[in-house]
Structure formats: structure tokens, C-alpha cells
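Dear colleague,

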Amino acid sequence: LHGYYDTIQAQLSRLVRSGLTEESVRSAHGALYASLRSSLITMRALQRKLRGHLQTDLAGEIIRVLQEERPRIAESGLGRIRLDQRGSVSPRVFVDPSDLREVLRNLLSNSLRAMSGSRVRELTLAIRSEGEDVRLEFADTGCGVPGEKWEQIFTAEGTTRRGGGFGLPHARLVLQEYRGWIEVAASEPGRGTTMVVMFKAA
């Protein structure tokens, strides 16, 4: 708003020369500036209110998805799932529960598919609070991702899903709506992949 105000101030003399009085220009500008400032205050208030409502229990939603996907997990032959959470209280994250479950199901599907040919099939989820952020590590013992493809898998062209990029590319877009992020943290062909998902703490 301050930049906008400075720009308008620089144009006052030009508008006066075009036939408008300086008083009328200043009056119109003052009303517009007040309206913009009021809109900004309202927007920030709505953001605070929304953030107050979106306090999603990350561990709780992980457990819910694992329970709902139990038949598919059993069919995949997954040997062990471990949820590692430091602290007795599950951190709350700023994300809609349904969007969070969508991202979690996507990660689970990718891991189960990646481990389909593995002798050892294990999945480890680790939750860590890092100040204003919450970190979720999603590690499998699957086929791994070559280093040159770590970023490609988040594009429609690099996805392994049939019919286009509605997997990891979509998951990243969803998370960005909540100021979150997802990326490959580590991966080794034949050993497995660790994905990291970052959330804003609620």
C-alpha cells in the first residue's frame, strides 16, 4: 500500500494539469486508499480466522488414512509400518483435513507401488516440530529415484502415473496453497526413498 500511495502522490500534479482540482484528486485518492487499507485489514483478519479453524492433527490423520487403506496395504505385502513421533502431543498443522488425507494417500500409493518388487517392504513416517514448521518424513524401502529425476517427478511430464500428472505434481500444488512444500530428501536406486513434507504449524 505504501508503494501505491507514493505512486499516486507522484501523479497528483499531472492530474491537476488535466483539469481536475488538486483537492478533488486528493479526496478521491484518500477514499480509495482508505478502502484498500480496509480490505487489507479484512483479508488479514479472515486469514487469522481461517488459520484458527484449520488446526489439523497430523498424526491422527495419518492413522486414519492407514486404517482406511488397510486392505490395500495388506494386499501389497507391506511388512511393517512405523510412526515415529517425538513428544506426547501430536502437532497441529495448517491444512484442510481432506487435502491432507489426499496428499497422504498419494504418498502411500507411490510407496506401495515402489516397493512392489522389493524383498524388504517397510514404511517409516517421522513427525518433527521445527519452530513454526512441522516436518513429515515419509520413507520407504522401494526401488528409489535417480538423482536427476528428483524434481522431474513433481512435473506432469515426469510423473509415472498413467494419463498425466495427478500424483506428486498435484500434491505439491495442494500443499503450496497452505504455504507447505514437498520434495525428495534422499533416494537411492534399489534402497528406497525419503520424501519430506513441510507444513506450517497451526
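Before anything else, please keep in mind that this is a predicted model.

I begin with strands β4 and β5, which span residues 122-130 and 133-140 respectively, run antiparallel, and are joined by eight bridges. Within this pairing, Ser-129 is found opposite Val-134 of β5. The two strands belong to an open sheet of five, arranged in the order β2-β4-β5-β7-β6 and mixed in its pairing. The edges are taken by β2 (80-85) and β6 (181-188), and because each of these has a single partner strand, one side of each is left without a neighbour in the sheet. From one strand to the next, the twist averages 15°.

Two helices deserve a look beside the sheet. Helix α3, made up of residues 58-68, lies across β2, β4, β5 and β7 (192-200), and its direction makes an angle of about 170° with β2. Helix α6, residues 168-176, also packs on the sheet, where it touches β6 and β7 and runs at about 135° to β6.

Which residues line the largest cavity? The lining consists of Ile-62, Val-65, Leu-66, Leu-104, Leu-108, Leu-125 and Phe-138. The elements that contribute two or more residues to this lining are α3 and α5 (97-114), and α3 gives the most, with three residues. Sorted by class, the lining holds seven nonpolar residues, with no polar and no charged ones.

Is Arg-101 buried or exposed? Its relative accessibility is 13%, and because the limit for a buried residue is under 20%, Arg-101 counts as buried. Leaving aside residues up to four places away in sequence, Arg-101 touches Glu-61, Arg-64 and Val-65, and of these Val-65 is also one of the residues that line the largest cavity.

With best regards

Notes:
Residues numbered from 1 in each chain as written. Predicted model: local features only at pLDDT ≥ 70, side-chain atom pairs only at ≥ 80, totals over all residues. Heavy atoms only, no water. Pairing = 2+ DSSP bridges. Helix = DSSP H or I, 4+ residues; strand = E, 2+ residues; numbered from the N terminus. Axes fitted to C-alpha atoms, helices over the stretch in contact; angles between N-to-C directions. Contact = heavy atoms within 4.5 Å. 1 Å grid on protein atoms, 1.4 Å probe; cavity = no way out; pocket = protein on both sides within 12 Å on 5 of 7 lines; lining within 4 Å. Nonpolar A, V, L, I, M, F, W, Y, C, P; charged D, E, K, R; others polar. Buried < 20%, exposed > 50% of the residue type's maximum accessible area, 1.4 Å probe, protein only.
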